[in-house]
Amino acid sequence: MVKTLNMILRDLREDHDLKQETVAGYLGISQQTYSNYENGRREIPVMVVKELAQFYKVSTDYLLRSDAGYLGNLDMNAAYIDDITMHDIVFDIQSLEAADRKNLVQYIRFLHRDDN
């Protein structure tokens, strides 16, 4: 299943443990308007897409799925999830035994099976 913009925005918000009203406040809109964006009941203006890309530190291409290979913010020391950095994640992966790294890769591929 290909994710739509509203699905990606919901996932990003939930991954960052944010409430709709927090994101709406950043955008200067009501929580109801933002909810309509996330639920696909209202078209998301281009300027809002741009602002959300800056807010989540991802590209607009990523949000619009025109560059599905882009992984988001490439700053390895920036917070990725909560206070965990990508550097922390890579370090943890590298410290695993080879068999566990292989299992992790298989699990990630399993999680992405619906994206294709």
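1. The axes of α2 and helix α3 (residues 31–38) come within 8 Å of each other and cross at roughly 105 degrees, which makes α2 roughly perpendicular to α3. Axes here are lines fitted to C-alpha atoms, for helices over the stretch in contact, with angles running from 0 to 180 degrees between N-to-C directions; 65 to 115 degrees counts as roughly perpendicular, under 35 as roughly parallel, over 145 as roughly antiparallel and the rest as oblique. Helices (H or I, at least four residues) are DSSP runs numbered from the N terminus.

2. This is a predicted model, in which local features need pLDDT of at least 70 and side-chain atom pairs count only at pLDDT 80 or more, while totals for chains, interfaces and linings use all residues. Residues are numbered from 1 along each chain as its sequence is written, and side-chain values use heavy atoms, with hydrogens and water left out.

3. On the α2 side, the contact with α3 (heavy atoms within 4.5 Å) is made by Gln 20, Glu 21, Val 23, Ala 24 and Leu 27, and on the α3 side by Gln 31, Tyr 34, Ser 35 and Glu 38. These residues divide into 4 nonpolar, 3 polar and 2 charged, where Ala, Val, Leu, Ile, Met, Phe, Trp, Tyr, Cys and Pro count as nonpolar, Asp, Glu, Lys and Arg as charged, and the others, Gly among them, as polar.

4. Helix α2 (residues 20–27) also meets α4, their axes coming within 10 Å and crossing at roughly 115 degrees, which makes α2 roughly perpendicular to α4. The contact of α2 with α4 comprises 7 nonpolar, 1 polar and 1 charged residues.

5. Helix α1 (residues 5–15) packs against helix α4 (residues 46–56) at an angle of about 30 degrees, with the axes 12 Å apart, and that makes α1 roughly parallel to α4. Here α1 passes α4 in a left-handed crossing. Leu 5, Leu 9, Leu 12 and Arg 13 in α1 meet Val 49, Leu 52 and Tyr 56 in α4, a contact with 6 nonpolar, no polar and 1 charged residues.

Definitions and conventions
Helices (H or I, at least four residues) and strands (E, at least two) are DSSP runs, numbered from the N terminus. A crossing is left-handed if the near helix is turned anticlockwise from the far one by less than a right angle, and right-handed if clockwise.
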